[in-house]
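Dear colleague,

I am handing over the structure below, together with a short account of what was found in it. Please read the account with the model open beside it.

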Amino acid sequence: MTKLTPVLSAFWDQKDSFTIYGYKRNGGYKALEKALSMAPDDVIKTVKDSGLRGRGGAGFPTGMKWGFIPQGDNKEHYFVVNADESEPGTCKDMPLLLANPHVLIEGIIIGSYAIRANYAFIYIRGEVAHVIRRVQQAIDDAYKAGYLGKNILGKDFDLELVLHVGAGAYICGEETALLDSLEGFRGQPRLRPPFPAIAGLYARPTVVNNVESVASVPSIINNGVEWFASMGTEKSKGYTLYSLSGHVKNPGQFEAPLGITLRELIDLAGGMRSGHTLKFWTPGGSSTPLFTDAHLDTPLDYEGVAAAGSMLGTKALQIFDETVCVVRAVLRWTEFYKHESCGKCTPCREGTWWLVQILQDLESGKGEAKDLDKLLDLCDNIAGRSFCALADGAASPIISSIKYFREEYLDHLRNGGCPFDPARSTLFELAGDAR
Amino acid sequence: MPLTFDDNAVMDSIIQRYPRSRSAIMPLLHLAQAKDGYVTAESIEMIATKLNLESAEVNAVATFYTQYKRKPVGDYHVGVCTNTLCAVMGGDAIFEALKEHLNLDNDEVTSDGKVSIEHIECNAACDYAPVVMVNWEFYDNQTVQSAKELVDAARNGNPPAPTRGPSSLPTWKENSALLAGINDGRAGEGVQAGEATLLGLKIARERGEIK
C-alpha cells in the first residue's frame with residue numbers, strides 16, 4: 001500500500017491556511033530566507049538535483065528550464081507562472097491556490113532570485129473569482145511583509161509580482177500563447193525556436209512554470225534534495241497532486257508519491273459508485289490518450305504512463321463507468337478543441353471542425369463504418385502539424401477510443417443512434433429515469 | 001457608463017503594473033465590463049486612446065476571449081459546465097432544465113436583466129461535478145433542482161452564497177472589477193477548501209501518515 005505524502009496539502013484543513021499568518025505558522029517563508037542566503041546558481045542546482053519535473057503536463061525538468069536562462073546577458077529576465085488551469089479534468093492548481101496562495105508566492109520569489117528576474121507574473125484564468133481574490137490578497141500581504149518589492153529580506157534583490165487575469169481562452173495555457181496574451185495580444189502560440197528561455201515575454205529570457213511545480217520548490221529548499229528524491233520512482237521523483245473525478249464514490253485530491261496506481265487511488269476514493277464498474281479514464285486530462293480497466297496497475301509516473309501508451313499530463317484522473325457512451329464523451333471533448341482552437345494553424349482550425357462533423361454523424365448513427373478510418377486519417381494529418389499541442393490533444397481521445405472501443409462506434413451505426421441512456425450516468429435522478 | 005477620462009486614475013494604476021503598457025489591455029477590458037457589464041465601442045475607443053493603439057487592435061483582443069461580452073449579460077451570469085465530465089454527471093441535464101425553466105437559449109438574458117445563461121468549458125472543479133458558476137464563483141455539486149432554485153433566487157435578487165467563495169454573491173459588474181485587479185477585500189470570506197479538496201489529507205491523517 002502506497003503511503004500518502006501530504007506536503008502542499010499538509011495544512012489545508014486549517015481554517016486560515018490561505019492567510020500569511022496561517023502559512024507562516026506552518027513554516028512558510030523559511031525556505032525563502034534559506035534560498036536568499038545561497039548563490040542563485042546553487043538554488044538552480046538544488047532544484048535540478050531534486051529531479052523535480054514540470055507538473056503542468058509536459059514533465060520537463062524544472063531546474064533545467066531555470067538553467068537555460070542566459071546569465072550576464074544584460075537583459076531583463078522574467079518569471080511567469082502558468083495558472084491558466086483549463087485542461088478538461090484538471091482541478092489541482094485552483095484548490096491549491098484557494099487553500100494556500102503563499103506557497104506559490106514563496107516559490108516565485110525563490111525562482112526569480114535563482115534566474116535573476118526582477119519582474120514576475122502569475123497568469124491566472126479569469127473564471128475563478130475567489131481564487132483570484134485569494135491570490136491578489138496574498139500578493140498584497142507579501143508586499144507588506146517585505147517579501148516582495150525592494151531589498152527583499154534586506155538583500156540586494158528586488159522583485160515585482162503582478163497577477164494577470166485571463167479572460168476565457170484554453171489556448172492561453174500553452175506557454176507561448178500565454179506570453180502573447182500577457183503582452184496584450186490575442187493568445188496565439190508562437191513558432192519555436194526561439195524558446196521562451198531565449199526570447200519569451202517582451203522577447204526577453206523567460207521561465208514559464210506551472211503552479212504546482214513552483215509551489216513544490218519551497219519544500220525542496222527546506223527539506224533537501226534527498227528528502228524529495230526519497231519519494232517517487234527512479235526518473236519521476238517526489239510527491240504530486242492526483243485529482244480524481246467522475247464516477248468514484250468520493251472524488252477529491254490525493255497527494256501521493258509519483259508511481260501510485262489508479263487501483264490504489266480508486267480504493268482511496270471509496271471505490272466506484274455502487275453497482276458500477278470502470279469503463280475508461282484519462283490519466284492526465286482530456287489531451288492524454290484514454291485508458292481502460294486494463295491499466296489499473298500502471299504506475300502513474302511519467303515513464304509508466306508513457307510506456308502504456310498515454311501521458312501523465314496533469315494527473316487529472318477522470319473516471320467513467322459502464323453507463324457512459326465513449327462516443328458521446330469523445331465528441332464533447334472534440335467540440336471543446338474545435339471551440340478552443342485559436343485559428344492560427346490550418347490543420348488544427350479546419351481539422352477540428354471536420355472531426356466534430358464526422359463524430360456528430362457517428363454518434364447519431366448517421367455515419368458509415370469507413371468514417372472511423374477517415375477520423376484516424378484526419379488525426380494523422382492534424383497531430384504534430386501545428387505550432388502547439390492543442391491539435392495533438394484533440395487527436396488523443398479519438399485515436400485511443402477507436403483503439404479500445406471500435407465496436408462501440410459501430411454499435412451506433414447498427415443501432416441507428418446512441419445505444420446508451422445518458423440519464424443512467426448522472427449523479428442525480430431525472431424524471432423518467434429508469435434506474 | 002463606458003470608460004472615460006474620469007477613470008484616468010484607476011486606468012493609470014492598472015497600466016503602471018506592467019513594464020509595457022499594451023499588457024494592460026486585458027485588465028482594462030475587465031474594467032470596462034465593471035462599468036457597463038459588457039465591452040462597449042466607447043470603452044474600446046477609450047482603451048485604444050489610453051494605450052496609444054488603434055481601436056482595431058483593442059477590438060482584436062476583445063473578440064478573442066469569451067469572457068469579454070459584446071452585449072449585456074444579467075446581474076447574475078450563470079455558466080453551466082458542459083464539458084465531458086460535468087456533462088455526463090448531470091451538466092447537460094442541468095443546462096437543458098435551466099434553458100426551459102428560464103425560457104432562454106444559450107447566451108441569452110432574462111427580460112428583467114437579472115439572469116443570463118451560458119454553457120461553459122471545464123472550470124477546474126471536476127471533483128465537485130456537476131459544477132455551475134455564477135459570476136465566476138463556484139457552485140459545487142449541483143442538481144437540476146438546486147440549479148433551478150439558484151437561478152430563481154438570483155432573479156429575486158437574493159442568490160445563495162457560493163460553495164467555495166465569499167459569504168454573499170457579488171454582481172457581474174462587481175466581479176468584473178475584481179478581474180481587473182481591484183482587490184475588494186473579501187479574500188478572507190468563505191471556506192479555505194471544500195471536502196473533496198481535503199479528502200486525501202483526511203485519509204492520510206486517519207492512517208497516521210501525517211502528524
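How many bridges join strand 1 of chain A to strand 2 of chain A? There are six, and the two strands, with strand 1 spanning residues 78–83, run parallel. Before going further, please note that this is a predicted model. The predictor assigns the complex an ipTM of 0.98 and a pTM of 0.98. For chain B, the average pLDDT is 97, and 100% of the residues score at least 70.

The parallel sheet of chain A

A:Tyr78 has A:Tyr119 in strand 2 of chain A as its bridge partner. On the way to strand 3 of chain A, A:Ala120 stands opposite A:Leu161. Strand 2 (residues 119–124) and strand 3 (residues 160–165) of chain A are joined by six bridges and run parallel.

Strand 2 and strand 3 of chain A are also part of a right-handed β-α-β unit, together with helix 7 (residues 129–144) of chain A.

The mixed sheet of chain A

Chain A also has an open sheet of five strands, in the order 6-5-9-7-8, with mixed pairing. Its edge strands are strand 6 (252–257) and strand 8 (291–292) of chain A, each of which pairs on one side only. Within this sheet, strand 5 (residues 239–246) and strand 9 (residues 316–321) of chain A run parallel and are joined by four bridges. A:Ser243 has A:Ala316 in strand 9 of chain A as its bridge partner.

Domains

Chain A is assigned domain 1 (20–229), domain 2 (244–280 + 294–315) and domain 3 (326–420). Between the C-alpha centres of domain 1 and domain 2 of chain A the distance is 28 Å. Ten residues from domain 1 of chain A and six residues from domain 2 of chain A take part in their contact. The side of domain 1 of chain A that touches domain 2 of chain A has two nonpolar, five polar and three charged residues.

Chain B is assigned domain 1 (5–62) and domain 2 (76–171). The centres of these two domains of chain B, taken over C-alpha atoms, are separated by 29 Å.

Where the chains meet

In the contact between the chains, 69 residues of chain B meet 72 residues of chain A. Among the elements of chain B that give two or more residues to this side are helix 2 (25–36), helix 5 (84–102), strand 5 (137–139) and helix 8 (195–206). The residues of the side of chain B that touches chain A comprise 40 nonpolar, 18 polar and eleven charged.

With kind regards

Definitions and conventions
Residues numbered from 1 in each chain as written. Chains lettered and ligands numbered in written order. Predicted model: local features only at pLDDT ≥ 70, side-chain atom pairs only at ≥ 80, totals over all residues. Domains from an automatic or database assignment. Pairing = 2+ DSSP bridges. Contact = placed C-beta atoms within 7 Å. Nonpolar A, V, L, I, M, F, W, Y, C, P; charged D, E, K, R; others polar. Right-handed = clockwise from strand over helix to strand, strands pointing away. pLDDT = per-residue confidence, 0-100.
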